[in-house]
Amino acid sequence: MGFNEKVHAYIAAKYYVYLKEHFDTRGLEAFQHATRYYAEQRGRRMAQRAIRDGQPLTYETYCRYGEWVNTEEVKALGEANRAEKLHIAPDSETHIYVCPWHSQFKEMGLPEAGIAYCRDLDASICRGFNPEIDYRTTQTLHDHACCIQIVKNSGLKENGNYAKRPEGLKSFEYHCAHSYWSYREAVEGIFGREGEQIGEAVLADFAADYGKEMADILFGYRHVNFNTAD
């Protein structure tokens with residue numbers, strides 16, 4: 001197995017477990033803070049690329065400047081995202097029925113971690129891109145039949161082309177490293193040495209489950225600035 005969406009979900013889930021175990025309610029607050037911190041960094045990178053290209057920071061642009069598409073590995077498992085867009089204007093409403101992040105949280109027996117992650121993630125990415133866009137996740141696949149995502153006054157058009165730009169896509173090696181280090185940075189900022197120990201424990205678990213080689217790759221991103229677009 002290489003880096004993919006499920007590996008990405010594993011990292012967040014492990015931080016959730018350790019934070020809840022060590023700090024209870026404060027740990028859950030720290031997880032929410034770290035999820036938002038991670039996601040807003042993604043959104044800011046997207047905005048930086050859009051501004052560089054002279055594109056307005058609209059939801060239309062947001063759709064095209066996303067940084068990932070499903071991996072071939074997850075497609076082969078039959079767990080690639082499957083969604084239906086019910087309508088696009090004036091509000092966009094999307095229902096998601098299959099999601100590899102949901103699959104991973106479920107396999108780990110951590111639906112509560114999935115709820116905590118997914119209720120904030122996409123809205124936070126969008127907030128990092130442009131806080132004036134009203135993006136809402138009203139329910140998640142972890143405790144409902146589908147995930148529902150709504151963007152108020154989306155500005156989308158029926159005949160619009162919102163395919164993601166290939167040049168903006170990042171590998172899941174990059175996304176997994178970003179997740180690991182942004183959570184670690186946030187957790188260390190809150191809990192100091194105890195937070196550092198949680199980051200070390202997550203990396204040790206990762207090495208045990210995915211191998212030392214992949215863990216070393218994650219560690220190799222420790223000096224990358226994830227706030228800026230390349």
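**Figure 1. The loop residue T58 in the predicted model.** T58 is located in the loop that lies between α1 (5-52) and α2 (59-64). The model shown here and in the following figures is predicted. With a relative accessibility of 29%, T58 is classed as partly exposed, because buried residues fall under 20% and exposed residues over 50%. Apart from its neighbours within four places in sequence, T58 has contacts with F129 and I133.

Figure 2

**Figure 3. Strand β2 and its two partner strands.** Strand β2 comprises residues 92-98 and is mostly covered, with 5 of its 7 residues buried. Strand β1 (residues 82-87) pairs with β2 in the antiparallel sense, over 5 bridges. These two strands, β1 and β2, form a hairpin in which 4 residues lie between them. Strand β4 (residues 147-151) is also antiparallel to β2, and 5 bridges join the two. The residue H95 of β2 illustrates both pairings: E84 stands opposite H95, and in β4 the bridge partner of H95 is I148.

**Figure 4. The buried residue E93 in strand β2.** E93 belongs to strand β2 and stands opposite I150 in β4. Is E93 buried or exposed? E93 is buried, yet has no salt bridge. The nearest side chain of opposite charge is that of K152, at 8.3 Å; this pair is not a salt bridge because the nitrogen and the carboxyl oxygen would have to lie within 4 Å of each other. When neighbours within four places in sequence are left aside, the contacts of E93 are E84, K85, L86, H87, I148, Q149 and I150.

**Figure 5. The salt bridge between E107 and K6.** A search of the whole structure finds 20 salt bridges, and this view shows the one in which the side chains of E107 and K6 meet, with an N to O distance of 2.7 Å. E107 lies in helix α4 (residues 100-107) and K6 in helix α1, so the pair ties together parts that are 101 residues apart in sequence. The two partners may be compared by their accessibility. E107 counts as exposed, at 51% relative accessibility, whereas K6 counts as buried, at 6%.

**Figure 6. The salt bridge between K75 and E72 in helix α3.** The side chains of K75 and E72 meet in a salt bridge of 3.2 Å, N to O. How many residues apart are K75 and E72 in helix α3? They are 3 residues apart in this helix (residues 72-76), which means that about one helical turn separates them. K75 is partly exposed, at 44% relative accessibility, while E72 is exposed, with a relative accessible area of 59%.

**Figure 7. The salt bridge between R184 and E200.** R184 forms a salt bridge with E200, and the closest N and O atoms are 4.0 Å apart. Since R184 lies in helix α6 (residues 172-191) and E200 in helix α7, the pair ties together parts that are 16 residues apart in sequence. R184 counts as buried, at 9% relative accessibility, and E200 as partly exposed, at 35%. Elsewhere, salt bridges that share partners join R45, R49, E67, K170 and D230 into one network.

**Figure 8. The packing of helices α7 and α8.** Two packed helices are described by the angle between their axes and by the distance between those axes. Helix α7 (residues 193-210) and helix α8 (residues 212-219) pack at an angle of about 145°, and their axes are 7 Å apart. On the α7 side, the contact is made by L203, F206, A207 and Y210; on the α8 side, K212, M214, A215, L218 and F219 take part. The residues of this contact comprise 8 nonpolar, no polar and 1 charged.

Terms used: Residues are numbered from 1 along each chain as its sequence is written. This is a predicted model: local features need pLDDT of at least 70, side-chain atom pairs count only at pLDDT 80 or more; totals for chains, interfaces and linings use all residues. Side-chain values use heavy atoms; hydrogens and water are left out. Buried means under 20% relative accessible area, exposed over 50%, partly exposed in between (1.4 Å probe, protein chains only). Lys and Arg count as positive and Asp and Glu as negative; His and the chain ends are not counted. Contact means heavy atoms within 4.5 Å. Two strands pair if DSSP finds at least two bridges between them. Axes are lines fitted to C-alpha atoms, for helices over the stretch in contact, and angles run from 0 to 180 degrees between N-to-C directions. Ala, Val, Leu, Ile, Met, Phe, Trp, Tyr, Cys and Pro count as nonpolar, Asp, Glu, Lys and Arg as charged, and the others, Gly among them, as polar.
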